Amino acid sequence: MTSSSHKLLHVVDLKIGIPHPRRETLIMVDNANFDIGYGEMLGMVGESGSGKTMVCRSMIGTLERRGATVLEGQVLFEDQDLAHASESHWKKLRGKAIGYVPQSALAGPNPVLTIQAQLAEALQKSEAKGSIAEQSKRLLDLVKIRRVDTVLKQYPNQLSGGMRQRVMIACALASEPKLLIADEPTTGLDVTVQSQIMELLKDIRREFGTAIILISHDLALIDDVCDRVVVMHAGATVEVGSVAQLAVPRHPYTIALNQSRIDIAEPGSELVTILGSAPSVGEWPLGCRFAARCIFRQNDCSLGANHPPLFGERGSHQSACLHTELLKGAK
Amino acid sequence: MPTYRIIEGSQVSQSIIEAEDVSVTFGSGANKVEAVKNVSLTLAAGEPLGIVGESGSGKSTLARVLAGLQPPTSGQVLFNGEPVYRGNRSYIGEARRQVQMVFQDPYASLNPQLTALSAVAEAVRIHNKCDKKEAESKALELLRRMGIAQLDAIKKPRQLSGGQRQRASVARALSANPSVLLADEPTSAIDQSAQAQLLNLFRGLLNQGLAIVLVSHDLGVIRYLTKRVYVMKDGVFVESGNTEEIFNNPHEDYTKELLASIPGALGVAARRRRSA
């Protein structure tokens, strides 16, 4: 850990599961491994059910609400271990150092609170100077909402999807976090609104040096705005690297994801799709969990009880594939 | 490169759908909303056509008008030269069967109580007037063509993935043996590899001669599938023409903005052109 201890957050061999009094513990995340530096923008990509949201929940202390718990590993945020923090510890931490923008902008804000009340709640723990009203206005300015006085008096249903997401980002920024987690912040929004929200995230990072984790299933979007990428499949990190490094992927899953991108496909050409679907939680096979869908599969891929670890030095381009030598030339 | 059985441009003799001067107004007085304003459009048999625009541009309303589901306030839609709407009511006839629609949210459009198989079989039975057993085997075949195996076909919508649900609703639309498929934002609720799978299916359907109207806010999807596109804003078409040409040489500022917003390589290229 010494080599990269200047980073803001380390997720090390994280294992998350839902314990059951009689049956076996249901494992949802196993082998999650990545770091994020100060002011860095990290993209997290993977299909539905790959454990992206669970990993992020472990950083904001809301795993328990889903009955889940960290079984092994560490989530180190500025040398505090969040993985085993108590609820009273979380009460001090939550919403302060790490901000969270939920997936559904339309369902995110409380429908019976005005934007003013919404922001006041988020500002409760703020130590910044000025009255709540002044701070609310400043926050809305920050997320580039015009007509601030009108918006403050409105309810979420009176705002468009893009505006609602801006309000959610404003709430997450209320306590000037060092890390902002945006969980699919633009799903269901138009591409034009999506590109505005992305510009906003980039501005926030530039202005305040906020590190940002952007969760998305859209590799093209991550390419546009992120520095580094972590690829998740069936609860495990299968590849980590810079955006440039991932253009030459070292894991078959990333290769397949790249090939299914329509922004680089020839119009009307056959798009590559990934065989089958990811194994469900509780039905993970032995060995590599991608093997059954992999076109490069070898006999030894499904041997061994555990999913292959990430090979290569932490912080460099890492992949969890046993046979990267077979992938040369594939993009 | 696969070849499309389509005719460039629009020759009146070959158009399967013609919308003439269509307007749709909702509400009245202060609440009056003109969703679609004097829009005309043609669709050739077997043509992949795109309609692109943001939320609120009127594109979904227009799609509903073309599908025979929303009588226009003024104007007319012709299907094979026959008017679709008579007075204020839609004409229940050939057009209803031949023009099928797939909606944005497959979860909302499939009956949660029915398995994918029974949902499709029901549609097969209605459109083909066959008995239950025959309908089921036809439905299974349709689902199989859409990449849904028998094991998944007997699942209910909530047990299926987003991509599978969307493909099940395409299978249901195809049960009527339509000549036009209207797809309203079919890819916006599903993830990247499911999107690729659906687009591959659409390409296969085009090769079999089906016309597809793809309604989307994402020009990336439109570029991949269609040959001709209408760009819609505030209820009117601001630009239309050959998809590739519009991509390489957009005239309207609005189209340029849409192009620059596409995530990934396409948007980067468009932004570079715009600032050059």
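## Helix α7 of chain B and its contact with α8

In chain B, the residues B:G162, B:G163, B:Q166, B:R167 and B:V170 of α7(B) meet B:A194, B:Q197, B:L198 and B:L201 of α8(B). Sorted by class, this contact of α7(B) with α8(B) has four nonpolar, four polar and one charged residues. The description here and below rests on a predicted model, in which local features need pLDDT of at least 70.

The two helices, with α8 covering residues 192-207 of chain B, pack at an angle of about 20°, and their axes are 9 Å apart. Because angles under 35 degrees count as roughly parallel, that angle makes α7(B) roughly parallel to α8(B). The crossing of α7(B) and α8(B) is right-handed.

Helix α7 of chain B runs over residues 162-174, which gives it 13 residues, and from its first C-alpha to its last it reaches 19 Å, close to the 18 Å expected at 1.5 Å a residue.

How much of α7(B) is buried? Of its 13 residues, 12 are buried, so α7(B) is largely enclosed by the rest of the structure. The buried residues include B:G163, B:Q166, B:R167 and B:V170, which also take part in the contact with α8(B), and B:A168, B:A171 and B:R172, which meet residues of α4(B).

## The contact of α7 with α4

Helix α4 of chain B, residues 116-128, also packs against α7(B): the axes of the two helices come within 8 Å and cross at roughly 20°. The helices α4(B) and α7(B) are therefore roughly parallel to each other, and their crossing is right-handed.

On the α4(B) side, B:A116, B:A119, B:V120 and B:A123 meet B:A168, B:A171 and B:R172 of α7(B). The residues of this contact of α4(B) with α7(B) divide into six nonpolar, no polar and one charged. An α-helix has 3.6 residues a turn, so residues three or four places apart point the same way.

## The side of chain B that touches chain A

The contact between the two chains takes 29 residues from chain B and 31 residues from chain A. Within chain B, α8, α9 (219-225), α11 (253-260) and α12 (265-275) each supply at least two residues of the side that touches chain A. Which helix gives the most to this side of chain B? It is α8(B), with seven residues, and α8(B) is also the helix that packs against α7(B) at about 20°. By class, the residues of the side of chain B that touches chain A divide into 11 nonpolar, 12 polar and six charged.

B:F237 is found in strand β12 of chain B, which covers residues 236-242, and B:F237 is buried, with 21 other C-beta atoms within 10 Å. Not counting residues up to four places away in sequence, B:F237 touches B:V39, B:Y230, B:V231 and B:M232. The C-alpha atoms of B:F237 and B:V52 are separated by 9.4 Å, although these residues lie 185 residues apart along the chain.

B:A260 lies in helix α11 of chain B and is buried, with 22 other C-beta atoms within 10 Å; leaving aside neighbours within four places in sequence, B:A260 is in contact with B:G267, B:A270, B:R271 and B:R274. In chain A, A:G99 has its place in strand β6, residues 98-101, and counts as buried with 25 C-beta neighbours inside 10 Å. Beyond the neighbours within four places in sequence, A:G99 is in contact with A:A172, A:L173, A:P177, A:L180 and A:I181, while A:S277, 178 residues from A:G99 in sequence, is 32 Å away from it, C-alpha to C-alpha.

## Two residues with positive phi

Most residues other than glycine have a negative phi. A:E176 has a positive phi of about 50° although it is not a glycine, and its place is in the loop between α6 (161-173) and β7 (179-183) of chain A. Is A:E176 buried, partly exposed or exposed? With 13 C-beta neighbours inside 10 Å, A:E176 counts as partly exposed.

In chain B, B:N38 has a positive phi of about 45°, again without being a glycine, and B:N38 is found in strand β2, residues 33-44. With 14 C-beta neighbours inside 10 Å, B:N38 counts as partly exposed.

How values were computed
Residues are numbered from 1 along each chain as its sequence is written. Chains are lettered from A and ligands numbered from 1 in the order in which they are written. This is a predicted model: local features need pLDDT of at least 70, side-chain atom pairs count only at pLDDT 80 or more; totals for chains, interfaces and linings use all residues. Helices (H or I, at least four residues) and strands (E, at least two) are DSSP runs, numbered from the N terminus. The expected span of a helix is 1.5 Å times one less than its number of residues. A residue is buried if 20 or more other C-beta atoms lie within 10 Å of its own, exposed if 12 or fewer, and partly exposed in between; C-beta atoms are placed from the backbone. Axes are lines fitted to C-alpha atoms, for helices over the stretch in contact, and angles run from 0 to 180 degrees between N-to-C directions. Angles under 35 degrees count as roughly parallel, over 145 as roughly antiparallel, 65 to 115 as roughly perpendicular and the rest as oblique. A crossing is left-handed if the near helix is turned anticlockwise from the far one by less than a right angle, and right-handed if clockwise. Two residues are in contact if their C-beta atoms, placed from the backbone, lie within 7 Å. Ala, Val, Leu, Ile, Met, Phe, Trp, Tyr, Cys and Pro count as nonpolar, Asp, Glu, Lys and Arg as charged, and the others, Gly among them, as polar.
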